[in-house]
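Subject: Structure for you to look through

Hello,

Please find the structure below.

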Amino acid sequence: RILSYQPPKSKDDPDLRLASFPEFELAPFDDEKIGAFIEAWYKELAHLKIVPSDLAADSNRSLKKAIHRPELAELAPNPLLLTVMAVVNTHKGRLPDTRAVLYKEAVEILLWRWEQGSKGQEARLRQLLLDAKCQEIDLEQVIWKLAYEAHAQTSETDNKNRTLAGIGELTLQKSLASLNKGDLNWAARVIESMKLRAGLLLERDPGVFSFPHRSFQEFLAGTYLEAQDDFVSRARELADNQLLWRETILWAVSRRVYVRGSTDGPLALVAELCPSRPCCSPEEWSRVWLAGDILLETGLNRVERSELGNELLPRVRTRLVSLLEQSALTPRERAAAGDTLARLGDPRFDDEAWQLPKEGLLGFVHIPAGGFLMGTKEDDIQGLIKKFGGGKDYYKAEVPQHPLALPDYYLARYPVTVAQFKAFVIESGYEPGNEASLQGVDNHPVRYVTWFDAVAYCDWLDQKLKAIAPGKKAAGETEKAFWQGLEDGRLRVTLPSEAEWEKAARGTSLLEGEGRVRAFPWGNEITPNHANYNETGIGSTCAVGCFPRGTSPYGLLDLSGNVWEWTRSIYKEYPYQPDKGRETMDDKKSVRGLRGGAFDDDDRRVRCAFRVRNYPLSGWDYDGFRVVVASPISLPRSGS
């Protein structure tokens, strides 16, 4: 940091300049440079015998792993902050598990220990405090308040761009002078010492100071908030502007729990944010989402040790489910709330039933027997080109449109989730083609699965459901037929055919007033609130059921977007002739059809009629599946 090597300000300051020494500004590190830095850091510590070689190797590995944590990944490219993390990791043997403790350690290093190796330099700031009969905490509290007040002045544009707030030198000087009877000269010396010797407040422009990263500003503002006697009521008020204060509130909670060791305030805040009365406004739904994240920040083990926590946890879980089911908030916020729900434990799914939905038919929806129109009319292609783009060849796999009649079957309401696939792998010992399929968020659709992975899951689930079928008491004729069919072998769990998938997505009736089948499961128009596709902007999968406006005529969800869904059908041209070869499961080489589109596809690809194909051994980051319970010998019939 060249700022420390400027001409001395007074005769008491050492001249640290080096003759003819070139100055450069370090650019942000990329992943390769971050790794090289960590390697060099621990190699040097071992060489100097500051850290034993075996311990240096362990610390090297632990830091390389830790910097991929979400709260650290954006800090590591900054050479100064990477050094701070290396110092903390070296002193502690590993980085703290909780971010509040890590940032507390980092602040202490930047403020008090950054230049402890240079004799006399680290003592200067402390000596100035002693002269004013102050302690370190007095200076820290001033910085907390400055961060809080600066954060409160952040403009909407700066907040959107995660820009740091500026603190004017006069404001800083007056705040520091309050520690020493208003002595501005003393405050100026403190500022000069902090500029040259510390790394917590940086002079980004002449007379304007800021913190080294936006997260430090939010942490320090949160530290001030947490220290207030009215923490709960103040945080509750700030929660009405979550675009600005959400992260600060979560930092305050983290510090209250992991530094002070108290959960009372955070749980009281959750009770304020998620009262027992129902939600009816976006602001109330947003508070529920924040309440869920506060419970996560607090730690579920601590929440469940508290009587109040045990009352609040199921309430917040249930309310988050309602948030998804009522299409509250924006799609991206709803997706984030779905992730919070996953980490809290999604109550829609049953731990005792292989993570299948807690419904009468374990999430399977009855699709009645009958006819429907499959595919696209050739006469409609010009209209599709005008509306969705692409050329004629883009739609040729969908033509001609033709009627098909199907026997009844039961299709899963949601695509198979990560948690459901994990349950299968754990219990069966199956080794999926790509381990990434097990690493997603539990209530997201599983992806990276091959056709063979999907078939293996179906075979396993078929045996599980057949084993419990004899003991199932059916509430009605539909349930009775479902369980009896599994028990006597007339039905089995498998992948849906392309025909079964498309009928469930489109329904059997023409759209009123239009004389044609629907383009999407809900109708002919699509918005980012209907499905997780490229225009929605989520950029990855999301919790199943996040888009209730995209419900199909039979009540199925996520048929458009999120992930492509494998079918059992060999990909062939239309019309969809009822021939045995099209749906044979014995063919291990032919390409199979996939339906529905994924999170990164455009509107034309998430239509009900759109088809793609892939080889059975392929399993991309957008390939998932849902399952059907159907007759193993049922085939579509020509005509309606």
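**Pro 496 and helix H23**

Setting aside residues up to four places away in sequence, Pro 496 touches Leu 411, Trp 501, Trp 566, Thr 567, Arg 568, Arg 626, Val 627 and Val 628. Please keep in mind that this is a predicted model. Pro 496 sits in the loop that runs between strand E8 (492-494) and H23. Its relative accessibility is 0%, so Pro 496 counts as buried. Between the C-alpha atoms of Pro 496 and Ile 38 there are 50 Å in space, and the two residues are 458 apart in sequence.

After H23 comes Gly 507, with a positive phi near 80°.

**The largest pocket**

The largest pocket holds about 1900 Å³ of space. It is lined by 46 residues, and those closest to its centre are Arg 246, Glu 247, Leu 250, Trp 289 and Asp 293. Several helices give two or more residues to the lining: H3 (70-73), H5 (99-113), H8 (156-160), H11 (214-226), H13 (242-258), H15 (282-298) and H18 (331-344). Which of the elements gives the largest share of the lining? H13 does, with nine residues. Sorted by class, the lining has 21 charged, 14 nonpolar and eleven polar residues.

**Nonpolar cores**

In soluble globular proteins, nonpolar side chains tend to be buried together. In this model the largest nonpolar core has 110 residues, and Phe 211 and Ile 249 have the most contacts inside it. Not counting residues up to four places away in sequence, Ile 249 touches Leu 225, Ala 235, Leu 238, Ala 239, Leu 269, Leu 290 and Ile 294. There is also a second, separate core of 42 residues, which includes Phe 421, Phe 424, Val 493 and Val 612.

**Two buried loop residues**

His 213 is in the loop between strand E3 (208-210) and H11. Is His 213 buried or exposed? With a relative accessible area of 16%, it is under the 20% cut-off, and so His 213 counts as buried. Apart from neighbours within four places in sequence, the residues in contact with His 213 are Glu 74, Leu 75, Leu 81 and Leu 164. The C-alpha atoms of His 213 and Leu 128 are separated by 26 Å, and these two residues are 85 apart along the chain.

Asp 601 is in the loop between strand E10 (592-595) and strand E11 (611-614). Its relative accessible area is 8%, so Asp 601 is buried. Which side chain makes a polar contact with the side chain of Asp 601? That of Trp 564 does, at 2.9 Å. Leaving out residues up to four places away in sequence, Asp 601 touches Tyr 533, Asn 534, Trp 564 and Val 606.

**Backbone details**

- Val 399 and Pro 400 are joined by a cis peptide bond, with omega about 0°. Pro 400 lies in the loop between helix H19 (381-388) and strand E6 (402-406).
- From Tyr 574 to Pro 575 the peptide bond is cis, and omega is near 5°. Pro 575 lies in the loop between strand E9 (564-570) and E10.

A positive phi also turns up in residues other than glycine.

- Lys 181 has a phi near 55°. It is located in the loop between helix H9 (169-177) and helix H10 (184-197). Lys 181 is exposed, with a relative accessible area of 86%.
- Asp 558 has a phi near 65°. It is found in the loop between H23 and E9. Asp 558 is buried, its relative accessible area being 7%.

To recap, Lys 181 is exposed, whereas Asp 558 is buried.

Regards

Terms used
Residues are numbered from 1 along each chain as its sequence is written. This is a predicted model: local features need pLDDT of at least 70, side-chain atom pairs count only at pLDDT 80 or more; totals for chains, interfaces and linings use all residues. Side-chain values use heavy atoms; hydrogens and water are left out. On a 1 Å grid over the protein atoms alone, a cavity is a set of points where a 1.4 Å probe fits but cannot get out, and a pocket is an open set with protein on both sides within 12 Å along at least five of seven lines; lining residues have an atom within 4 Å of a point. Grid points are joined across faces, edges and corners, and a volume is the space filled by probe spheres set on the points. Helices (H or I, at least four residues) and strands (E, at least two) are DSSP runs, numbered from the N terminus. Ala, Val, Leu, Ile, Met, Phe, Trp, Tyr, Cys and Pro count as nonpolar, Asp, Glu, Lys and Arg as charged, and the others, Gly among them, as polar. Buried means under 20% relative accessible area, exposed over 50%, partly exposed in between (1.4 Å probe, protein chains only). Contact means heavy atoms within 4.5 Å. A nonpolar core is a set of buried Ala, Val, Leu, Ile, Met, Phe, Trp, Tyr and Cys residues joined through side-chain atoms within 4.5 Å. A polar contact is a pair of N or O atoms within 3.5 Å; within protein, one must be able to donate a hydrogen and the other to accept it, and residues adjacent in sequence count only if both atoms are side-chain atoms.
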